[in-house]
Amino acid sequence: MDINEYYRLAKVEDNHWWYRSVHRLVIDEIKKGPVPTRSRPGLKMPMILDVGCGTGGLTEKLASFGLTVGVDISNLALGLKQHSKAEYINGSVNNLPFSDNSFDLVTCISVFYHRRVIDSKAASEIFRVLENDSRAILIMPAFKWAFGSHDESVHAARRYSMSEATALWKNIGFTVIATRYIFGTLFPEFVIKRLLDKIGLTGRRVSDLTELPGWLNGVFGLVCRFENWLSKWVRSPFGSSLYIVVEKP
Ligand SMILES: C[S@@+](CC[C@H](N)C(=O)[O-])C[C@H]1O[C@@H](n2cnc3c(N)ncnc32)[C@H](O)[C@@H]1O
């Protein structure tokens, strides 16, 4: 990612509506059922891995559910984290520095589209380090046509269609447990931004991670909470990200 993007991430991840919503989605998923705890010598807690943990906003929250490790390719990101309830390791998702079947839960939020991620290799690494009958919670960017200046600023190489993303995980051997689009209610705002990008009205490499006025950040956050509540009954046919839960059989 652009260096500035790591500083922005560290600054906004505790309050920005996007991060707060994503963190809530992941935590709600975990709360649906206990993370399985395997018998490991001297350890009675689940082992959790946050892949591409960035500056650790989600990783720190995951630490309430088990022994948590964050791994990221960027030493700068790891150096900017503000708390340390988890353990942090520098490494790549293409070659995870852990032995087979080490983790009971893996999370991987907005990492799979990066240039430095070889997606089939990375998906098989997540499969390898997960225990059998354990799950991974993934958020991936949706719609190839939506590639815009924010994607450039985070050094993205690709976005995914839902069918491509689910095929990626299935081909590795995962069972797909849940899929849905997220941020459907804010999709019109997202599409307008991307259209402005396409016709050159926004600069190149302009990040979406700007600090919004507090009231607007609050409104967006509430809209996302409402969408999440509604998702028990209604599935949005579109959204800027894909929410996917997979299980290693
Ligand atoms: C958009 S940030 C998301 C950070 C974090 N998951 C979050 O949601 O706050 C993407 C992160 O992926 C990391 N990343 C990119 N390529 C990677 C790779 N091959 N292995 C591990 N981390 C990678 C980047 O350094 C960056 O911290």
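## Pairing around strand 4

In this predicted model, Ile 109 has Ile 139 as its bridge partner in strand 5, and this bridge belongs to a region where strand 4 and strand 5 run parallel and pair over six bridges. Strand 4 also pairs with strand 1, residues 47-51, again in the parallel sense but here over four bridges; on that side, Ile 48 has Leu 105 of strand 4 as its bridge partner.

Strand 4, which spans residues 103-109, is mostly covered, with seven of its seven residues buried.

## The sheet and the helix packed on it

The sheet is open and is formed by seven strands in the order 3-2-1-4-5-7-6, with mixed pairing. Its edge strands are strand 3 (87-90) and strand 6, each of which pairs on one side only. When direction is ignored, neighbouring strands of this sheet are turned against each other by 15° on average.

Helix 7, made up of residues 162-172, packs on the sheet and touches strand 5 (130-141), strand 6 and strand 7 (241-248). The direction of helix 7 makes about 155° with that of strand 6.

Rolling a probe the size of a water molecule over the atoms shows where empty space is left. Over the whole structure, the search finds one cavity of 30 Å³ or more, and the largest cavity holds about 90 Å³ of space. The lining of the largest cavity includes Ser 21, Arg 24 and Leu 25, together with Arg 180, Ile 182 and Phe 183, and also Cys 224, Arg 225, Glu 227 and Asn 228.

Helix 2, strand 6 and helix 9 are the elements that give two or more residues to the lining of the largest cavity, and helix 9 gives the most, with four residues. Sorted by class, the lining of the largest cavity has four nonpolar, two polar and four charged residues.

## The second largest pocket

The second largest pocket contains about 300 Å³ of space. It is lined by 14 residues, and those closest to its centre are Lys 32, Arg 180, Asn 228, Ser 231 and Lys 232.

At least two lining residues of the second largest pocket come from each of helix 2 (17-31), strand 6 (175-182) and helix 9 (214-230). The lining of this pocket divides into four nonpolar, three polar and seven charged residues.

## Two residues with positive phi

Most residues other than glycine have a negative phi. Asn 101, although not a glycine, has a positive phi of about 55°; Asn 101 is found in the loop between strand 3 and strand 4, and with a relative accessible area of 28% Asn 101 is partly exposed.

Ser 110 is likewise not a glycine, and its phi is positive at about 55°. Ser 110 lies in the loop between strand 4 and helix 5 (119-129). Is Ser 110 buried, exposed or partly exposed? Ser 110 counts as partly exposed, because its relative accessibility is 22%, whereas buried would require a value under 20%.

Methods:
Residues numbered from 1 in each chain as written. Predicted model: local features only at pLDDT ≥ 70, side-chain atom pairs only at ≥ 80, totals over all residues. Heavy atoms only, no water. 1 Å grid on protein atoms, 1.4 Å probe; cavity = no way out; pocket = protein on both sides within 12 Å on 5 of 7 lines; lining within 4 Å. Points joined across faces, edges and corners; volume = space filled by probe spheres on them. Nonpolar A, V, L, I, M, F, W, Y, C, P; charged D, E, K, R; others polar. Pairing = 2+ DSSP bridges. Axes fitted to C-alpha atoms, helices over the stretch in contact; angles between N-to-C directions. Contact = heavy atoms within 4.5 Å. Buried < 20%, exposed > 50% of the residue type's maximum accessible area, 1.4 Å probe, protein only.
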